[in-house]
Amino acid sequence: MSGSQTFPKLSQQALDEHRQIHFHLDLLAKAVAALDPGTADAETLLNLAARIESLKERLEEHFREEEDGGLYQGILDQMPQAESDVLRLMAQHERTLQAVETARILARRREPSEALLLR
């Protein structure tokens with residue numbers, strides 16, 4: 001495949017993946033917004049942890065695809081001068097995954113008193 005055909009395909013794939021991530025993020029945001037620290041119980045928090053874990057898995061897959069020969073490589077092939085920006089985005093991916101993992105661990109503790117931290 002030529003570069004001119006590859007890059008639009010990678011861009012469309014990335015957009016589709018971002019839409020899926022936003023869908024899962026919206027569901028998670030609604031669940032967190034509905035989380036009442038006064039009435040949260042262990043089961044509610046465990047369900048929230050499962051949603052967070054699902055989001056994390058989707059993010060990990062998406063980040064891997066972007067970083068390992070996917071969109072980022074396409075960007076670098078077309079614009080080598082963007083390397084520092086691509087590296088910055090990759091570091092941002094790592095920080096995002098760490099934050100999501102922290103939230104997942106917090107929810108898995110199933111401590112209703114910590115529900116406010118999750119919000």
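I take a crossing as left-handed if the near helix is turned anticlockwise from the far one by less than a right angle, and as right-handed if clockwise. The model I examined is predicted, so I required pLDDT of at least 70 for local features and 80 or more for side-chain atom pairs, while totals for chains, interfaces and linings use all residues. I number residues from 1 along each chain as its sequence is written, and side-chain values use heavy atoms, with hydrogens and water left out.

**Entry 1. Helix 2 against helix 4**

I looked up the pair formed by helix 2 (42-67) and helix 4 (83-108). Helices here are DSSP runs (H or I, at least four residues), numbered from the N terminus. I found that the axes of helix 2 and helix 4 come within 8 Å and cross at roughly 165°. Axes are lines fitted to C-alpha atoms, for helices over the stretch in contact, with angles from 0 to 180 degrees between N-to-C directions. Helix 2 and helix 4 are therefore roughly antiparallel; angles over 145 degrees count as such, those under 35 as roughly parallel, 65 to 115 as roughly perpendicular and the rest as oblique. I record the crossing of helix 2 and helix 4 as left-handed.

I then listed the contact (heavy atoms within 4.5 Å). By class, I note twelve nonpolar, two polar and eight charged residues in the contact of helix 2 with helix 4. The classes are nonpolar (Ala, Val, Leu, Ile, Met, Phe, Trp, Tyr, Cys and Pro), charged (Asp, Glu, Lys and Arg) and polar (the others, Gly among them).

**Entry 2. Nonpolar cores**

I looked up the nonpolar cores, each a set of buried Ala, Val, Leu, Ile, Met, Phe, Trp, Tyr and Cys residues joined through side-chain atoms within 4.5 Å. Buried means under 20% relative accessible area, exposed over 50% and partly exposed in between (1.4 Å probe, protein chains only). The largest core has 18 residues, and those with the most contacts inside it are Leu28, Leu35, Leu48, Ile52, Leu59 and Leu118. Helix 1 (3-33), helix 2, helix 4 and helix 5 (115-118) each supply at least two residues of this core. The largest share, seven residues, comes from helix 2.

**Entry 3. Helix 3 and its two neighbours**

I turned to helix 3 (residues 71-78), whose axis comes within 4 Å of that of helix 2 and crosses it at roughly 25°. Helix 2 and helix 3 are therefore roughly parallel to each other. Glu65, Glu66 and Glu67 in helix 2 meet Leu71, Tyr72 and Gln73 in helix 3. I count this contact by class as two nonpolar, one polar and three charged residues.

The axes of helix 3 and helix 4 come within 10 Å and cross at roughly 165°. Helix 3 and helix 4 are therefore roughly antiparallel to each other, and their crossing is right-handed. Tyr72, Ile75 and Leu76 in helix 3 meet Glu83, Val86, Leu89, Met90 and His93 in helix 4. By class I note six nonpolar, one polar and one charged residues for the contact of helix 3 with helix 4.

**Entry 4. Single residues**

I looked up Glu65 in helix 2 and found that it counts as partly exposed at 31% relative accessibility. Not counting residues up to four places away in sequence, Glu65 touches Gln13, Glu17, Gly70 and Leu71. The C-alpha atoms of Glu65 and Leu76, eleven residues apart along the chain, are separated by 15 Å.

I looked up Gln92 in helix 4, which is partly exposed at 37% relative accessibility. The C-alpha atoms of Gln92 and Asp77, 15 residues apart along the chain, are separated by 21 Å.

I looked up Arg110 last, in the loop between helix 4 and helix 5. Its phi is near 60°, a positive value in a residue other than glycine. Most residues other than glycine have a negative phi. Arg110 is partly exposed, with a relative accessible area of 41%.
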